[in-house]
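Subject: Structure handover

Hello,

Here is the structure you asked about. Please keep it open while you read my notes below.

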Amino acid sequence: MYKIMKSLLGLFLVLSISSNAQDSTKMKSPFKISGVIGFSYEGYGLNIKPTGSNIYSQRRPWNQVRFLFAPTMSFGKNFTLPFNFNFATKPTNFAGPYAGIKKPTIGQFFTNPGNNFGLNPKYKWAELLLGTQYIRYSELSTGDIGIFGAGIDLRPKTWRFKFFTGTSQLGVDATILSAGSSSIGAVTGAYRRNHWMFQLGKEKENKYSFAFNFTKAKDKQSSVTVPPSTVKPQEGVTASLIADVYMNKGWYVKTEAARSYFTRDITQPLAPGFNNSFKPFLTGRTSTGKDWAGNASIGKKSANLDISYTTKYIGAGFLTTGYPYLQPDRWDNTINTRFNTWKNKMNVVASIGQRINNLSNTALKAQQFIANLNWFTQFTEQFSTNITYNNFGFTAASGFNPYGIKNVSNDLGLTANYNWRNTKRMNMLSFSYNLSKYDERDVTTGITTTNNTHILMLSYVPVYFNSELAPDFSVLYFKNTMPTVKTSLLTFSSSLSTPAFKKKMQLRAQLQYTLGKLNSYSSNKNLVASVNIDHKLTKKLTWNVFLGTNSFKYGNELAPPASLEGASYIETNYRTGLQYKF
Amino acid sequence: MKKYIFTTILLSCVYSMSMSQVMTSLAVNNPPATLSDWANTNSAVIYTVENISAVTRQFIIKAEITTADGTVVATKDLSRAQVFSVQGTRIFFAKEVLPLDIMIFSASYKTTLERTGQLPSGTYLLNVQLVEPGMFGPMSTLQSRVFNLTAPQLPYLITPVNNDSLNARKSETAIIFRWTPLTPQPQAQPYYRLQVFEILPFQQPMQALRGNQPLLDQTVRGITQYIWRPQMDLSTDTLKKRFIWTVQTLNANRQPYIPTQGNGESRSEPFIFFIKD
């Protein structure tokens with residue numbers, strides 16, 4: 001692994017020199033290079049008092065080196081070679097198949113979801129896909145998963161032919177957990193998962209797009225010695241059809257229908273008596289489900305008005321390996337709009353919709369009402385307002401409990417901005433108020449508890465005409481009230497940025513002090529300070545340094561025990577890196 | 001006539017003796033909503049057979065699922081059922097009592113099962129009895145147990161809404177996360193593990209979620225709201241800071257609540273939010 005990093009570092013230097021040489025000669029060459037390469041180091045420190053108390057957890061890796069290698073090389077008019085390598089030297093997986101992994105093999109390093117090694121050479125309409133690729137065919141087939149492999153993307157005229165095969169995860173042995181111990185921090189384990197996918201379609205930009213998508217993924221049962229304790233080896237096939245049509249005057253219709261066959265556990269016996277096979281791609285087992293999903297939207301887009309209606313149905317048994325976190329058994333209906341009026345001085349973005357769960361009747365029926373509004377008005381050059389409103393209502397039966405679940409969230413935000421100027425500076429003043437109300441019904445007693453949050457903020461930003469100093473100041477008051485808990489926070493923050501060294505350096509510093517209070521306990525105090533320096537060493541080479549610290553001192557809210565009265569922690573975070581832009 | 005009466009009494013005695021020599025008991029404990037998961041959950045169905053005679057006995061386990069009103073949902077195809085031999089005591093689990101590959105489901109239930117792997121939510125009855133191989137005559141008393149099936153639904157994220165832009169100054173003080181509760185609400189309150197990951201420049205959102213260390217990794221029990229004090233500089237000069245967040249639902253043992261569904265992690269569909277100055 002270190003050899004690879006050394007090689008990349010070498011390549012970084014060679015490319016920097018060769019690119020500078022290219023600049024100096026100013027010769028017209030068919031070879032061009034653009035993009036960015038760089039590396040960074042991040043260090044983290046945490047000092048907790050009293051030592052050994054479990055009052056705060058580390059939230060960054062102690063040391064981490066990250067590499068970025070994303071140049072695009074062009075040879076003549078028709079051939080491009082973009083790289084997209086971004087990776088870290090230490091695995092920090094907390095979710096997904098590699099969660100908890102500490103010492104990866106070379107294969108696991110390359111297929112780690114945190115790392116990306118992509119190479120996409122392209123000649124005219126033919127593109128080769130190599131290494132890590134996030135293949136996005138459609139909303140219901142594949143798009144959310146990084147796969148390490150190889151494939152093609154051919155686009156002759158209006159035809160589309162795409163194929164890709166690879167591995168999204170290698171086998172990872174799980175930690176053997178003792179009874180009752182938590183899975184958090186342990187190696188979850190994973191089976192090796194191989195993917196195959198293709199798309200065949202026809203597309204004309206802003207006119208139409210028709211495509212057939214097919215994806216298949218299968219876990220290799222023998223890829224682990226200690227299998228994951230929870231998830232079983234799986235297999236899934238998804239086929240979908242897309243039809244998008246774009247008409248005159250901005251009207252469009254977009255549709256997709258998909259069918260999935262998904263085996264939750266390939267160790268279960270075959271099920272010849274069930275009609276759940278999709279031969280020759282998947283033979284049904286007792287753990288195989290097949291279901292439909294579909295989405296459609298119709299709408300109009302123009303400079304001053306967007307309006308659309310979207311419906312999305314995901315069947316209870318619809319599962320696709322291309323979207324591992326997709327939640328099934330729901331039907332969403334939303335109307336979205338955006339319009340500008342009053343000579344473009346008023347902009348409104350709004351949506352209203354409903355989600356219904358459990359259309360298959362295998363779970364309890366649940367409904368969500370969703371409404372969002374963002375309304376901006378520029379009354380004069382000096383004065384503008386912004387109003388936001390979000391509402392979510394969730395209702396569901398609650399099994400054997402006497403009362404059903406009912407959670408309602410309402411958020412209202414009002415912001416007023418005013419600016420004025422004199423000969424020396426422009427002054428921008430902003431005041432905002434947010435009310436967030438969350439009602440939750442207790443399913444046993446039927447009592448609804450209300451949780452109110454008020455946020456008041458005042459900020460002031462002067463912009464000097466004859467100085468490059470750019471400060472800003474703000475004060476914020478936050479108050480959250482629940483039946484037995486009251487939390488209030490008062491924050492003062494200020495930042496200052498300025499260029500230096502003939503504008504080769506950009507400096508920025510920020511201070512933030514928060515006084516917090518929980519019920520009648522004594523106040524806790526929090527100071528966050530940070531400095532950011534961007535220094536242009538050459539026209540294309542930038543050196544970045546970030547230093548941050550976070551000091552938190554509790555009041556007496558953690559006591560007893562008495563030893564935790566006034567407990568504190570200090571976090572430090574420092575990052576430095578070089579970035580070369582071609 | 002006397003001969004017939006004598007033969008009938010003799011047969012009845014033999015039958016009752018044979019029944020009394022095979023004792024059975026059945027327990028059904030919160031079976032998973034997905035029927036194929038029963039095979040991996042030994043506690044779901046426990047059928048104990050005790051043969052107190054000195055002779056090894058062979059039998060088939062006859063099983064049937066009905067609704068509370070007696071409508072047959074599924075019956076076992078006895079002609080394909082495994083023959084067991086028992087002397088002493090033996091415990092059978094769902095994979096032997098109800099092997100799905102030889103269960104015959106009635107039409108409407110079969111359609112739901114083929115789609116979802118589950119039966120419609122409701123109350124069911126499991127009837128189990130030992131029968132003779134070949135003739136399928138009863139060898140034990142019928143055991144029946146009531147059980148309920150309701151597929152749990154993982155929380156949906158509420159706020160910050162997907163692709164929302166949050167004010168940097170307000171976010172530096174606190175960000176409120178809300179999600180819907182697990183349904184149906186179980187007796188033992190579930191744990192919700194809230195995770196927030198920063199999406200670094202050049203990273204895909206899913207790459208960040210599955211590869212980065214979360215800036216917030218907080219587990220709460222029963223509650224569906226968390227106020228996060230980020231305690232960090234979120235202001236940006238050029239690039240928008242991006243975050244992806246999700247909630248993992250864990251059971252009382254802090255294991256994924258629905259381990260065999262989808263990704264197996266019981267994580268809700270993640271949302272992305274941005275920080276703007």
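A:Asn213 stands opposite A:Ser240 in S11(A). Strands here are DSSP runs of E with at least two residues, helices are runs of H or I with at least four, and both are numbered from the N terminus. Two strands pair if DSSP finds at least two bridges between them.

The model is predicted, so local features need pLDDT of at least 70 and side-chain atom pairs count only at pLDDT 80 or more, while totals for chains, interfaces and linings use all residues. Residues are numbered from 1 along each chain as its sequence is written, and chains are lettered from A and ligands numbered from 1 in the order in which they are written.

**Chain A strands**

S11(A) also pairs with strand S12 (residues 251–263) of chain A, antiparallel, over twelve bridges. In that pairing, A:Asp244 has A:Lys254 of S12(A) as its bridge partner. S11(A) and S12(A) make a hairpin with four residues between them. A:Lys249 sits in the turn, with a positive phi of about 60°.

A:Leu128 stands opposite A:Ile152 in S7(A).

**Chain A overall**

Chain A has two helices and 27 strands. Its C-alpha atoms fill a box of roughly 80 × 75 × 60 Å along the principal axes. Of its 582 residues, 31% are buried. Buried means 20 or more other C-beta atoms within 10 Å of the residue's own; exposed means 12 or fewer, and partly exposed lies in between, with C-beta atoms placed from the backbone. Among contacts in chain A with a separation of 6 or more, 53% link residues 24 or more positions apart. A contact means that two C-beta atoms, placed from the backbone, lie within 7 Å.

**Where the chains meet**

The contact between the chains takes 100 residues from chain A and 72 residues from chain B. On the chain A side, strand S23 (residues 486–500) gives the largest share, six residues. That side divides into 35 nonpolar, 53 polar and twelve charged residues. Nonpolar covers Ala, Val, Leu, Ile, Met, Phe, Trp, Tyr, Cys and Pro; charged covers Asp, Glu, Lys and Arg; the others, Gly among them, are polar.

**Cores**

The largest nonpolar core has 96 residues. Such a core is a set of buried Ala, Val, Leu, Ile, Met, Phe, Trp, Tyr and Cys residues joined through C-beta atoms within 7 Å. B:Val45, B:Val97 and B:Leu98 have the most contacts inside it. Strand S13 (residues 191–199) of chain B gives the most to this core, with six residues. Neighbours within four places in sequence aside, B:Leu98 is in contact with B:Trp38, B:Val45, B:Ala63 and B:Met103. A second, separate core of 13 residues includes A:Leu140, A:Ala258, A:Phe318 and A:Leu319.

**A chain B sheet**

Three strands of chain B form an open antiparallel sheet in the order S1-S2-S6. Strand S1 (22–28) and strand S6 (88–93) are at the edges with a single partner strand each, so one side of each has no neighbour in the sheet. Strand S2 (residues 45–51) and S6(B) pair over six bridges, antiparallel. B:Glu50 stands opposite B:Thr89 in S6(B).

**One residue to look at**

Is B:Lys276 buried or partly exposed? B:Lys276 is partly exposed, because 14 other C-beta atoms lie within 10 Å. Its place is in strand S17 (residues 271–276) of chain B. Neighbours within four places in sequence aside, B:Lys276 is in contact with B:Ser165, B:Asn167, B:Ala168 and B:Lys240. The C-alpha atoms of B:Lys276 and B:Asp164 are separated by 9.9 Å, although the two are 112 residues apart along the chain.

Best wishes
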